[in-house]
Amino acid sequence: MRLSVSTVALLATAANGSVLSWTESVSGVQYSVGIPEVAAAPFDIYTSIVAPIDMTWAAIAYGGCMLRSPLLVAWAHGTNIIVSPRWATAYHPPALYNGTTAKVLKTSTVNATHWKADVVCCGCSSWFGGAAFVPAMGDTFFGYGVSNLSIANPASPSTNIGFHNVGKGHWELNITGARNSARDFTKLTKPM
Ligand SMILES: *[C@@H]1O[C@H](CO)[C@@H](O)[C@H](O)[C@H]1NC(C)=O
Ligand SMILES: *[C@@H]1O[C@H](CO)[C@@H](O)[C@H](O)[C@H]1NC(C)=O
Ligand SMILES: *[C@@H]1O[C@H](CO)[C@@H](O)[C@H](O)[C@H]1NC(C)=O
Ligand SMILES: *[C@@H]1O[C@H](CO)[C@@H](O)[C@H](O)[C@H]1NC(C)=O
């Protein structure tokens with residue numbers, strides 16, 4: 001049994017669909033997810049990560065923990081957002097992963113106080129040939145890692161990243177609340 005660090009409660013219905021948001025209390029990083037209203041994986045996952053500007057990178061683990069689970073690491077580089085799919089088989093800085101693709105949405109922003117990575121991940125809901133997956137309904141865990149250590153080469157998605165020194169763990173959510181009609185999911189993931 002996994003211990004729940006924190007449970008998610010906030011259901012936000014945004015203008016462009018439903019997302020579930022959770023804020024990590026030490027770093028102040030907010031994670032939001034939205035999925036389409038489908039029966040089961042594979043499906044694309046909308047993910048928004050809003051981080052205070054002094055957080056150099058923040059990551060999400062769709063399987064709930066760092067190892068053997070699709071990871072996305074995001075950071076700001078100037079006014080751009082860089083998102084890097086990663087995979088870890090050991091507790092080392094994870095390597096670039098080609099089993100998923102991440103599309104950075106135009107709603108991503110960087111300002112004086114925060115960076116915001118709005119991303120659609122393709123391939124993040126199902127891995128090991130479908131033997132491991134994110135459920136389309138009910139309870140699940142997502143993992144997180146946050147750092148304020150400098151990034152070696154922030155222009156490059158394959159750069160080495162440091163330790164998640166600010167925090168790591170997981171949160172629980174009932175993903176039923178993050179389901180969107182096909183029309184709403186399209187709006188969420190293809191904003192004007
Ligand atoms: C993807 O990664 C796997 C495992 O590391 C590797 O065998 C494969 O060649 C890579 N594929 C591409 C297109 O880079
Ligand atoms: C900076 O970006 C954050 C995250 O998107 C947002 O909440 C905040 O309102 C923005 N600040 C300004 C001054 O626009
Ligand atoms: C998840 O939320 C849905 C809709 O609110 C609810 O019907 C369902 O019972 C919840 N599942 C769990 C495991 O709490
Ligand atoms: C980085 O995070 C650590 C752990 O939360 C904190 O002790 C330290 O003050 C932070 N450093 C900076 C430069 O913000």
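Why is strand E14 (residues 139-147) largely enclosed by the rest of the structure? Eight of its nine residues are buried, so the strand is largely enclosed. Here a residue is buried if 20 or more other C-beta atoms lie within 10 Å of its own, exposed if 12 or fewer, and partly exposed in between, with C-beta atoms placed from the backbone. Strands (E, at least two residues) and helices (H or I, at least four) are DSSP runs, numbered from the N terminus.

A word on the model before we go on. This is a predicted model, in which local features need pLDDT of at least 70 and side-chain atom pairs count only at pLDDT 80 or more, while totals for chains, interfaces and linings use all residues. Residues are numbered from 1 along each chain as its sequence is written, and chains are lettered from A and ligands numbered from 1 in the order in which they are written.

## The chain as a whole

The chain has one helix and 16 strands. Its C-alpha atoms fill a box of roughly 40 × 40 × 30 Å along the principal axes. A compact globule of 192 residues would have a radius of gyration near 16 Å, and the 15 Å of this chain agrees with that. The radius is taken over C-alpha atoms, and the globule rule is 2.2 Å times the number of residues to the power 0.38.

Buried residues make up 42% of the 192 residues. Of the contacts with a separation of 6 or more, 61% are between residues 24 or more positions apart; two residues are in contact if their C-beta atoms, placed from the backbone, lie within 7 Å.

The UniProt record, an unreviewed entry, places the feature "domain: Cellobiose dehydrogenase-like cytochrome" at residues 21-181. UniProt positions are given in the numbering used here, feature names are shortened, and annotations may be inferred rather than shown by experiment. Over residues 21-181 the chain is 0% helix and 48% strand, and the end C-alpha atoms are 18 Å apart.

## The sheet around E14

Six strands form an open sheet in the order E8-E7-E6-E5-E14-E15, with antiparallel pairing. Strand E8 (95-96) and E15 stand at the edges with a single partner strand each, so one side of each is left without a neighbour in the sheet. Two strands pair if DSSP finds at least two bridges between them. Three of these pairings are set out here.

| Strand pair | Bridges | Residues opposite each other |
|---|---|---|
| E5 (residues 57-61) and E14 | five | Ile-60 and Tyr-144 |
| E14 and E15 (residues 167-174) | eight | Tyr-144 and Gly-169 |

With 23 C-beta neighbours inside 10 Å, Ser-147 counts as buried. Leaving aside residues up to four places away in sequence, Ser-147 touches Thr-56, Trp-57, Ile-161, Gly-162, Phe-163, His-164, Asn-165 and Val-166. Phe-163 is 16 residues from Ser-147 along the chain, and their C-alpha atoms are separated by 6.6 Å.

## Two ligand shells

Which residues surround ligand 4? They are Asp-54, Asn-148, Asn-165 and Val-166, where a residue counts as near a molecule or strand if its C-beta atom, placed from the backbone, lies within 6 Å of it. This shell divides into one nonpolar, two polar and one charged residue. In this scheme Ala, Val, Leu, Ile, Met, Phe, Trp, Tyr, Cys and Pro count as nonpolar, Asp, Glu, Lys and Arg as charged, and the others, Gly among them, as polar.

Ligand 2 is surrounded by Val-50, Thr-109, Asn-111, Thr-113, His-114 and Lys-116. Its shell holds one nonpolar, four polar and one charged residue.

## Details in the loops

A cis peptide bond, with omega of about 5°, joins Ala-41 and Pro-42. Pro-42 has its place in the loop between strand E3 (30-36) and strand E4 (45-52).

Arg-68, in the loop between E5 and strand E6 (71-77), has a positive phi of about 50° although it is not a glycine. Arg-68 is partly exposed, with 13 other C-beta atoms within 10 Å. Phe-128 sits in the loop between strand E12 (126-127) and strand E13 (132-133), and its phi is near 50°, a positive value in a residue other than glycine. Phe-128 is exposed, with 11 other C-beta atoms within 10 Å.
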